[in-house]
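Take a look at the protein below.

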Amino acid sequence: MGDSTPKKLTVQESFVGSIDQGTTSTRFLIFNKEGEPVASHQIEFGQFYPNPGWHEHDPVEIIKSIESCIEGAVEAFEIQGHSAKAIKAVGITSQRETTVVWDADTGEPLHNAIVWTDTRTQALVRRLKTRLGADKLQDLCGLPLSTYPSVAKLLWLIENVPKVSEAYERGKLSFGTIDAWVVYNLNGGPKKNVFVTDSTNASRTMFMNIHTLQYDEQLLDFFRIDRKKLQLPEITRSSHPTAYGTLTTGVLSGVPITGCLGDQSAALVGQKGFSPGRAKNTYGTGCFLLYHVGDKPVISKHGLLTTVAYDFDGTPQYALEGSIAVAGSSVKFLQNNLNFIESSKEISQLAETVPDSGGCVFVTAFSGLFAPYWIDDALGTIFGITHYTQKGHIARATLEATCFQTKAILDSMQKDSGKALAELAVDGGMTNSDLCMQTQADLIGIPVERPRMLETTALGAAIAAGFAVGVWESFDELKNINTADMTTFVPKIDAAERDQRFGKWEKAVQMCKGWV
Ligand SMILES: Nc1ncnc2c1ncn2[C@@H]1O[C@H](COP(=O)(O)OP(=O)(O)O)[C@@H](O)[C@H]1O
Ligand SMILES: O=P(O)(O)OC[C@H](O)CO
């Protein structure tokens with residue numbers, strides 16, 4: 001963004017920085033008051049898969065990637081003639097559930113972070129499901145027991161990693177999701193010990209009561225966590241002028257951190273999902289549909305999660321969520337594991353070499369299946385392969401897998417909410433594929449709307465941060481942000497074809513479980 005010649009400083013405007021710490025990459029974006037990104041920097045970081053089903057990140061590498069992104073984006077910003085002093089606040093949005101443990105005294109991580117997609121806890125979860133009270137958990141915390149939330153990852157670490165259990169026994173084990181780890185480190189770690197999280201992130205741990213937004217004794221007791229031995233971050237609002245401290249090093253040292261949201265909540269905010277009935281679907285590494293239900297939580301009866309959408313002013317807003325574990329990561333799989341393509345954007349071209357999936361259905365259950373199915377032991381399975389099958393058919397079937405799961409989630413959402421969506425707002429890396437978005441519209445039978453600026457997750461965190469320092473003061477000021485140049489994909493197949501294709505998918509889902 002911008003050429004390399006330094007320009008004259010402009011009159012001081014207010015800008016807001018946004019750290020977007022995703023599953024595969026970290027970004028830092030700087031937004032102006034119109035909600036446009038004026039400078040950005042992005043870095044991919046290491047993905048570690050030490051055993052089948054395991055997925056880890058290096059927590060220190062994550063912090064370094066954030067620092068480098070801030071340096072890179074601010075440099076680009078200053079080249080455009082702006083001053084870093086015009087950045088009034090920074091917001092943080094991050095992958096959720098991913099579990100970090102560190103020594104409370106030294107700030108040293110005690111293990112790699114266990115990523116939200118990781119399924120090593122299958123047996124542990126099965127054990128937990130047999131405990132008395134397991135069927136009451138979802139009413140308390142909004143989540144069904146599965147490998148997905150943080151809790152099983154933390155229990156696994158305590159059970160299997162001596163350094164972690166020793167720290168726990170000493171009462172010095174700090175646990176946090178990525179946001180808490182990032183806030184703690186950007187504030188200088190143990191020196192200042194700023195140890196906080198927001199309710200959108202805390203709602204993904206299974207320790208937080210979804211009604212009170214506080215840690216819940218019944219939940220901690222169920223998981224046999226001794227509150228005196230585990231250090232948990234304080235839960236606060238998603239937009240707060242002081243609770244998240246300030247950056248302590250680098251070019252933005254001294255700038256306050258005033259916004260914090262789980263990435264899917266941030267995308268809802270960035271799509272301006274401020275009123276009940278608004279929804280968005282974000283196609284990143286995974287895919288997550290959030291439907292705003294208002295200021296009272298709705299507990300799903302049809303396989304969805306209840307989550308905090310955002311809490312800007314002490315009146316939390318809630319969402320029903322449909323979570324899909326594998327979306328863009330299936331495209332990466334075709335790229336990195338099968339060498340079908342050299343970069344993600346080539347998937348559409350490959351899929352367009354054939355008119356349809358040639359009878360293939362690919363259930364991309366690499367981490368089991370999440371919503372609305374919750375089948376922990378499902379495995380990735382391709383059905384319908386013959387001598388006729390080409391790479392293009394598999395590419396199409398790969399894109400269709402996310403679209404079919406979105407259709408299943410929308411059906412559940414309609415059953416839970418009693419309302420049908422009129423159109424679906426989308427964002428995230430995979431929505432760059434027009435073919436995928438057309439397929440999505442075809443399979444759900446309603447228009448799919450893609451904004452021009454796809455960095456809605458980062459925008460959401462910037463909005464949370466900007467609200468806390470007065471860069472924006474009301475939702476009304478945001479209404480025109482990112483509304484021009486929408487692309488709308490209109491369904492092109494009829495209901496009979498949709499039902500026939502979806503029926504085949506549902507059959508495939510039933511057949512991909514129980515292999516091991
Ligand atoms: N043109 C494209 N077509 C299909 N998938 C894409 C395309 N561009 C990026 N992706 C996918 O989008 C994902 C990255 O999206 P992003 O929103 O950055 O995710 P995250 O926040 O999880 O890191 C990758 O998994 C990648 O495969
Ligand atoms: O990295 P993403 O964008 O797929 O988001 C990860 C989610 O927060 C996991 O719940």
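## The chain as a whole

This is a predicted model. The protein chain holds 15 helices and 21 strands. Its radius of gyration is 22 Å, close to the 24 Å from the globule rule for 516 residues, so the chain is as compact as a globular protein of that length. Along the principal axes, the C-alpha trace spans about 60 × 60 × 45 Å.

Of the 516 residues, 61% are buried. Residues 24 or more positions apart account for 72% of them.

## Surface and charge

The chain exposes about 19900 Å². Carbon and sulfur atoms supply 51% of that area. There are 47 positive side chains and 58 negative ones. The centres of these two sets lie 2 Å apart.

## Helix H4: enclosed

Helix H4 covers residues 150-160. How many of its 11 residues are buried? The count is 9, so H4 is largely enclosed by the rest of the structure. Among the buried residues are Lys153, Trp156 and several leucines: Leu154, Leu155 and Leu157. Ser150, Val151, Ala152 and Ile158 are buried too.

What do these residues pack against? The partners are strands E6, E7, E8 and E10, together with helices H2 and H5. Strand E7 is residues 113-114, and helix H2 is residues 122-129.

## Helix H5: two faces

Helix H5 runs through residues 162-169, and its buried residues are Val164, Ala167 and Tyr168. Why do they share a side of H5? They cover an arc of only 100 degrees around the axis, which puts them on the same side. The face turned away from that buried side carries Pro162 and Glu169, which are exposed.

The cover over the buried residues of H5 includes helix H4, along with strands E6 (99-103), E8 (173-177) and E10 (230-231). After the helix comes glycine 171. Its phi is positive, near 75 degrees.

## Helix H10: one buried face

Helix H10 spans residues 328-336. Which of its residues are buried? They are Gly328, Ser330, Val331, Leu334 and Gln335. Look down the axis of H10: these residues fall within an arc of 160 degrees, so they line one face of the helix.

How values were computed. Residues are numbered from 1 along each chain as its sequence is written. Chains are lettered from A and ligands numbered from 1 in the order in which they are written. This is a predicted model: local features need pLDDT of at least 70, side-chain atom pairs count only at pLDDT 80 or more; totals for chains, interfaces and linings use all residues. Side-chain values use heavy atoms; hydrogens and water are left out. Helices (H or I, at least four residues) and strands (E, at least two) are DSSP runs, numbered from the N terminus. The radius of gyration is taken over C-alpha atoms; the globule rule is 2.2 Å times the number of residues to the power 0.38. Buried means under 20% relative accessible area, exposed over 50%, partly exposed in between (1.4 Å probe, protein chains only). Contact means heavy atoms within 4.5 Å. Accessible areas come from the Shrake-Rupley method with a 1.4 Å probe; for residues, only the protein chains shown count as cover. Lys and Arg count as positive and Asp and Glu as negative; His and the chain ends are not counted. The place of a charge is taken as NZ of Lys, CZ of Arg, CG of Asp or CD of Glu. The arc is that of the directions from the helix axis to the C-beta atoms.
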